[in-house]
Amino acid sequence: MNWPQILLNSAVTGSLYLISAISLTLVYGLAKFPNFAHAEIMSLGGFMGFWISEQLGAPLPVAFLVAFISAGIAGFLSYRLIFKPLSDKGASLIHLMVASMALGFILRHTEGQIWGFAPLTFQKIVWPSWEVGSVHITLDWIILIATAILIGIALHFMMTRTKIGKAIRATASNPKLALSSGINTTRVLVITWFVSAGLAGIAGLFRGVETRVSPYLGWDILLPTFAVAMLGGIGSFYGAMVAAIIIGLAENIGVVLLAQAGLSTDYRMAIPFIILIAVLIFRPQGLAKAFKGN
């Protein structure tokens with residue numbers, strides 16, 4: 001095995017899952033339901049980035065900024081127009097999950113009507129690559145890993161050192177106590193939904209740059225995203241960071257083992273599913289307990 005290459009590929013895969021899973025688990029921590037429209041929010045970020053970069057010719061950093069803002073606005077609107085009214089009416093977990101599936105269906109087909117269902121490829125961007133010993137590395141991989149690290153550090157700083165971060169943690173822990181303590185929980189939820197959806201948009205654009213953009217882009221990585229969130233302990237920011245590394249490593253080692261066994265590497269998507277099932281059976285709380293108090 002080329003372990004240096006496997007470790008690098010694992011870092012790339014884990015970085016993408018980290019950005020996606022953090023955004024998913026932040027919302028779950030407050031809203032207490034899995035948002036299946038997360039997949040289409042990622043796709044929206046990919047499409048908006050494609051439109052800005054490929055069709056308007058803007059620099060890629062601008063595309064990432066637009067992907068973040070547009071996906072953030074979509075997340076904000078979905079909270080204000082759908083999930084908050086439902087929660088105020090006492091909607092159950094099942095009601096909220098079904099509503100998120102319906103929202104995802106609408107978003108997916110709206111994206112398909114605007115940009116088409118055929119996959120779109122970034123053609124104006126050519127990433128330089130290098131061979132370092134036995135390791136093949138490209139600039140977009142470096143940017144993805146660096147972005148995931150910066151997002152992790154920024155969110156850690158925000159959650160531990162800022163007023164809004166402490167308010168998010170307090171609201172996630174005990175919404176009624178947070179409200180009685182003078183925390184504007186509605187404002188906290190609005191900010192969390194915007195930031196979380198914005199991060200999902202960034203993850204979607206990274207995925208689109210790496211592969212192709214289509215209305216099903218988000219679904220391609222939704223399962224491993226849930227696996228990371230579940231293994232980390234859903235709602236646990238720090239658990240998701242560790243779980244993303246584990247899932248990325250397991251998936252890339254699994255690909256090598258599948259190839260050596262003469263099996264299709266398409267089975268790689270089964271790896272996070274197997275981990276997800278194992279976590280639900282043997283450790284449903286995930287890694288959250290290890291980070292309790294953080």
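Three cavities of 30 Å³ or more were found in a search of the whole structure. The structure is a predicted model. Rolling a probe the size of a water molecule over the atoms shows where empty space is left.

The largest cavity has a volume of about 100 Å³. Its lining is made of 14 residues. Val27, Asn35, His38, Trp193 and Ala197 are the closest of these to the cavity centre. The biggest share comes from α8, with four residues. By class, the lining of the largest cavity holds eight nonpolar and six polar residues.

Helix packing was examined next. Two packed helices are described by the angle between their axes and the distance between the axes.

Helix α3 spans residues 60–88, and helix α4 spans residues 93–115. The two pack at an angle of about 155 degrees. Their axes lie 10 Å apart. Angles over 145 degrees count as roughly antiparallel, and α3 and α4 are therefore roughly antiparallel to each other. Their crossing is right-handed. On the α3 side, the contact involves Ser78, Ile82, Phe83, Leu86 and Ser87. These residues meet Leu96, Ala99, Ser100 and Leu103 in α4. By class, the contact of α3 with α4 has six nonpolar and three polar residues. No charged residue takes part in this contact.

Helix α4 also packs with α2. The axes of α2 and α4 come within 9 Å. They cross at roughly 20 degrees. Angles under 35 degrees count as roughly parallel, so α2 is roughly parallel to α4. The crossing of α2 with α4 is left-handed. From α2, the contact residues are Glu40, Ile41, Ser43, Leu44, Phe47, Met48, Trp51 and Gln55. Their partners in α4 are Gly104, Leu107, Arg108, Glu111 and Trp115. The contact of α2 with α4 has seven nonpolar, three polar and three charged residues.

Terms used: Residues are numbered from 1 along each chain as its sequence is written. This is a predicted model: local features need pLDDT of at least 70, side-chain atom pairs count only at pLDDT 80 or more; totals for chains, interfaces and linings use all residues. Side-chain values use heavy atoms; hydrogens and water are left out. Axes are lines fitted to C-alpha atoms, for helices over the stretch in contact, and angles run from 0 to 180 degrees between N-to-C directions. Angles under 35 degrees count as roughly parallel, over 145 as roughly antiparallel, 65 to 115 as roughly perpendicular and the rest as oblique. A crossing is left-handed if the near helix is turned anticlockwise from the far one by less than a right angle, and right-handed if clockwise. Contact means heavy atoms within 4.5 Å. Ala, Val, Leu, Ile, Met, Phe, Trp, Tyr, Cys and Pro count as nonpolar, Asp, Glu, Lys and Arg as charged, and the others, Gly among them, as polar. On a 1 Å grid over the protein atoms alone, a cavity is a set of points where a 1.4 Å probe fits but cannot get out, and a pocket is an open set with protein on both sides within 12 Å along at least five of seven lines; lining residues have an atom within 4 Å of a point. Grid points are joined across faces, edges and corners, and a volume is the space filled by probe spheres set on the points.
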